[in-house]
Amino acid sequence: MSLGFQFPKRKWGWRPQAKKTAETEATGPRTRSGAVRASAAVLKRRLDRIFSEYIRLRDSDGAGICRCITCGRSFLWNAGDAGHFVSRDKLAIRFDERNVNAQCSFCNRYRSGEQYAHGLAIDRKHGKGTADLLMQLGSMRGTKLTPIWFSVKLEEYRAKLKKLKAKKKL
Ligand SMILES: [Zn+2]
């Protein structure tokens with residue numbers, strides 16, 4: 001028996017979102033040589049990780065101990081954070097070394113990064129006016145970073161990290 005009514009064919013609807021995993025990476029677009037070309041999002045995640053590691057090692061002493069930029073608490077380089085003064089949402093300075101410093105997880109995650117104290121510390125470290133400059137750079141709109149840019153930065157920071165680890169024997 002026909003009900004005389006049919007639901008229209010769905011042209012749209014819920015589809016499971018592709019999971020952002022290594023699997024997605026492996027099936028992404030390829031370069032001419034056949035290597036997988038990673039998307040900007042994937043490269044950004046990789047650079048975030050390497051850059052954070054680099055900053056914490058840069059700010060550690062010979063024994064790998066960092067002092068939190070905002071409260072002075074000591075922590076082992078791989079047990080704390082690389083805290084951003086201006087939010088990392090601001091792409092123009094997300095990877096600016098002046099904007100990111102070793103910070104204890106408490107200040108970074110539970111005290112909103114202690115932005116005021118962080119700014120003062122940046123001025124002491126890099127000269128008066130640096131925090132203001134970073135705020136201005138951070139307010140620039142329309143920054144778009146390309147996969148090529150991320151690839152170049154990744155190479156640069158991998159090399160810097162390797163050199164730093166060798167120098168600090170960590
Ligand atoms: Zn702290």
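Me: Which pattern does the protein follow along its sequence?
Reply: This is a predicted model. Its secondary structure comes to six helices and four strands. Read along the sequence, the pattern is α-α-β-β-β-β-α-α-α-α.

Me: What percentage of the residues in the protein is buried?
Reply: A residue is buried if 20 or more other C-beta atoms lie within 10 Å of its own. The protein has 170 residues. The buried part of them is 25%.

Me: Is Ile55 buried or exposed?
Reply: Ile55 is found in helix α2, which covers residues 40-58. Within 10 Å there are 25 other C-beta atoms, and the cut-off for a buried residue is 20 or more. Ile55 is therefore buried.

Me: How many Å separate Ile55 and Val100 in space, C-alpha to C-alpha?
Reply: In sequence, Ile55 and Val100 are 45 residues apart. Leaving aside neighbours within four places in sequence, Ile55 is in contact with Ala82, Val100, Asn101 and Ala102. The C-alpha to C-alpha separation of Ile55 and Val100 is 7.1 Å.

Me: Why is Leu47 classed as buried?
Reply: Leu47 is found in helix α2. The cut-off for a buried residue is 20 or more other C-beta atoms within 10 Å. Leu47 is buried because the number of other C-beta atoms within 10 Å is 21.

Me: What is the span of helix α6 from its first C-alpha to its last?
Reply: Helix α6 runs over residues 147-168 and has 22 residues. At 1.5 Å a residue, 32 Å is expected. The model comes close to that, with a span of 31 Å.

Me: Which element gives the largest share of the largest nonpolar core?
Reply: The largest nonpolar core has 19 residues, and Leu47 and Ile55 are among those with the most contacts inside it. Elements that give two or more residues to this core are α2, β4 and α6. The largest share, six residues, comes from α2.

Key. Residues are numbered from 1 along each chain as its sequence is written. This is a predicted model: local features need pLDDT of at least 70, side-chain atom pairs count only at pLDDT 80 or more; totals for chains, interfaces and linings use all residues. A residue is buried if 20 or more other C-beta atoms lie within 10 Å of its own, exposed if 12 or fewer, and partly exposed in between; C-beta atoms are placed from the backbone. Two residues are in contact if their C-beta atoms, placed from the backbone, lie within 7 Å. The expected span of a helix is 1.5 Å times one less than its number of residues. A nonpolar core is a set of buried Ala, Val, Leu, Ile, Met, Phe, Trp, Tyr and Cys residues joined through C-beta atoms within 7 Å.
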